[in-house]
Amino acid sequence: MTTTTLKEPLRGSPAGAATREPRRRTGRIRRAGLPYLLLLPALILELLVHLVPMVIGIVMSFKELTQFYIRDWGTAPWTGLGNYKVSVDFDAPVGEALLHSFFVTVAFTLLSVGLCWLIGTAAAIYMQDTFTGRGLLRALFLVPYALPVYAAVITWVFMFQHDNGLVNHVLHDQLHLTDKPSFWLIGDNSFYALLTVSVWKGWPFAFLIVMAGLQNIPGELYEAAALDGAGMWQQIRRITLPSLRPVNQVLLLVLFLWTFNDFNTPYVLFGKSAPEAADLISVHIYQASFVTWNFGTGSAMSVLLLLFLLVVTGVYLALTSRGRRTGDV
Amino acid sequence: MSKSPMAPPSSFLWSRRVFLTLLTGFVLVPVYVMVSSSLKPLADVTGKFRWLPSGLTIRPYIDIWSTVPLARYFANSLIVAGAATVCSVVIAVFAAYAVSRYSFRGKRVFTVTVLSTQMFPGILFLLPLFLLYVNIGNATGIALFGSRGGLILTYLTFSLPFSIWMLIGYFDSVPRDLDEAALVDGCGPLGALFRVVVPAAIPGIVAVAVYAFMTAWGEVLFASVMTNDTTRTLAVGLQGYSTLNDVYWNQIMAASLVVSVPVVAGFLLLQRYLVAGLTAGAVK
């Protein structure tokens with residue numbers, strides 16, 4: 001979001017500005033309260049559902065909040081940094097499990113985001129010019145994204161079944177690639193199962209965004225390049241990909257945050273307890289809070305997760321916006 | 001898309017054919033499994049997987065309604081997602097208009113704060129929100145926890161940041177002269193918004209509505225904690241089929257298909273608007 005040209009249209013223009021500016025300014029002062037009024041509903045709701053609970057969550061992370069205090073959480077004793085110490089003590093079981101889950105999530109997120117972006121971008125570029133069946137294909141490609149998460153993931157659960165699933169039928173019975181049918185939803189394979197589902201579900205979003213981004217690249221650029229003798233592949237490398245940079249900056253960040261925080265996919269795929277190899281951080285924290293009934297530690301873990309995401313986002317934006325104004329959003 | 005006047009090289013064409021064929025297969029297989037399994041007799045889905053059904057039956061589509069109270073879940077999901085969408089779009093339109101057309105103190109703080117809520121892990125505010133709703137209920141008698149109202153409130157804020165962000169971009173692309181002319185003609189600012197800006201931004205608004213509906217229709221985490229038997233939505237309700245002793249995979253697939261049809265159909269019908277909305281708004 002960098003185009004801010006329309007925001008202050010008259011300020012710089014010498015002619016019309018002189019006559020219109022004074023009247024607009026008085027109008028603005030008179031209606032100084034209006035923008036706040038317009039923002040009020042959004043503000044109240046964000047406060048109620050996101051910010052106040054977040055503050056409560058941070059307070060809770062400093063309390064020893066077990067099931068005994070849940071009815072009246074204010075009376076739970078303070079533990080200072082106790083919950084944080086437990087969470088980051090990587091020699092003890094709790095911290096060790098959290099660190100493991102963190103690494104699994106990082107690996108999963110990087111792979112999933114990379115693949116989603118790659119497939120989405122390739123598909124969008126290949127489908128840039130018209131060919132027969134393009135519209136149909138585009139609609140088909142958006143189906144995984146349009147499907148409700150639970151419906152899509154439940155279908156994959158069925159396909160990954162040990163005895164009656166499609167995946168084992170194809171890999172074992174038809175292609176004879178494995179000696180015996182594999183388990184996909186428990187053990188080490190679960191990581192790949194989760195990755196497959198996540199990419200299947202996520203790449204159309206990248207496709208959609210890149211497709212929209214491609215439409216903003218002026219056609220003259222291609223024409224000029226073609227006149228200079230640049231071939232198709234060169235045009236893609238020299239014009240298409242560089243022009244997509246601003247789109248990719250936002251797209252990769254959004255994909256990263258969504259994938260890192262994803263709860264729905266692993267939750268529907270594995271149920272309440274995920275296998276160790278696919279123990280994503282949000283399910284891990286959910287388990288730490290709701291299964292072991294230790295909400296203080298769960299909150300501390302959530303706060304650590306939030307801090308990590310804040311740092312990553314900050315560093316990412318600082319690194320990718322050199323020379324660009326990411327301002328206004 | 002006016003591209004180079006010369007024809008694409010053959011390397012481009014064959015790699016495109018291979019890539020798009022493989023991708024179509026990847027996308028279609030689960031869709032095929034869902035559709036075909038939903039028409040299979042139970043024996044076909046309990047034994048070894050078979051690509052072709054031994055016989056077609058619509059039995060699963062009849063049974064799904066009695067195995068679990070699917071109709072009630074359906075109604076709950078419709079109410080929750082519908083209301084969340086309407087509220088979210090209206091609120092986002094107001095907020096985006098303010099940000100797009102006015103300069104005021106705290107504007108940057110507002111946009112940054114709203115957008116940054118996107119990065120909160122849902123798990124961080126699940127329990128506090130749950131406690132907050134219970135406390136508000138105890139203090140004021142407004143039942144938020146376990147009610148559809150609480151879920152509507154929660155879901156509409158989920159789609160709000162993205163909606164506001166996308167609409168700001170969209171409103172920015174609507175020429176300011178248009179609403180200034182309306183203001184000069186004596187419309188109030190709200191008149192200018194509804195008579196000029198909103199009609200010009202319909203594709204963006206439709207896109208935002210589609211997004212908001214899908215978000216609410218598909219959410220699992222909060223639905224599993226914040227609903228009870230009467231307010232349960234499809235996201236949680238569908239799990240009812242697999243907790244039984246026998247897993248009726250054909251019914252699960254039939255139910256998945258039934259609950260997907262409204263969103264997928266709506267999405268595909270309106271995807272043009274979504275791409276147009278993204279092009280003009282978010283992806284600038």
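Helix H4 (residues 93-126) of chain A and helix H1 (residues 10-37) of chain B pack at an angle of about 125°, with 11 Å between their axes, and H4(A) and H1(B) are therefore oblique to each other. Axes here are lines fitted to C-alpha atoms, for helices over the stretch in contact, with angles running from 0 to 180 degrees between N-to-C directions; angles under 35 degrees count as roughly parallel, over 145 as roughly antiparallel, 65 to 115 as roughly perpendicular and the rest as oblique. Helices (H or I, at least four residues) and strands (E, at least two) are DSSP runs, numbered from the N terminus.

The model is predicted: local features need pLDDT of at least 70, side-chain atom pairs count only at pLDDT 80 or more, and totals for chains, interfaces and linings use all residues. Residues are numbered from 1 along each chain as its sequence is written, while chains are lettered from A and ligands numbered from 1 in the order in which they are written.

In this helix pair, A:Ile119, A:Ala122, A:Ala123 and A:Tyr126 of H4(A) meet B:Arg16, B:Phe19, B:Leu20 and B:Leu23 of H1(B). By class, the residues of this contact comprise seven nonpolar, no polar and one charged. Ala, Val, Leu, Ile, Met, Phe, Trp, Tyr, Cys and Pro count as nonpolar, Asp, Glu, Lys and Arg as charged, and the others, Gly among them, as polar.

The whole contact draws 86 residues from chain A and 87 residues from chain B, two residues being in contact if their C-beta atoms, placed from the backbone, lie within 7 Å. On the side of chain A that touches chain B, helix H2 (residues 34-60) of chain A gives the most, with 17 residues. That side has the following composition.

| Class on the side of chain A that touches chain B | Number |
|---|---|
| Nonpolar | 61 residues |
| Polar | 21 residues |

Chain B contains 13 helices and zero strands. Its C-alpha trace spans about 70 × 70 × 35 Å along the principal axes.

Confidence is expressed as pLDDT, the predictor's confidence in each residue, from 0 to 100. Chain A averages 84, and 88% of the residues score at least 70. Among the elements of chain A, helix H1 (residues 14-30) of chain A has the lowest mean pLDDT (45) and H4(A) the highest (95). Over residues 1-29 of chain A the pLDDT is below 50, and over residues 325-329 of chain A pLDDT stays under 50. Where pLDDT is low, the predicted coordinates should not be read in detail.
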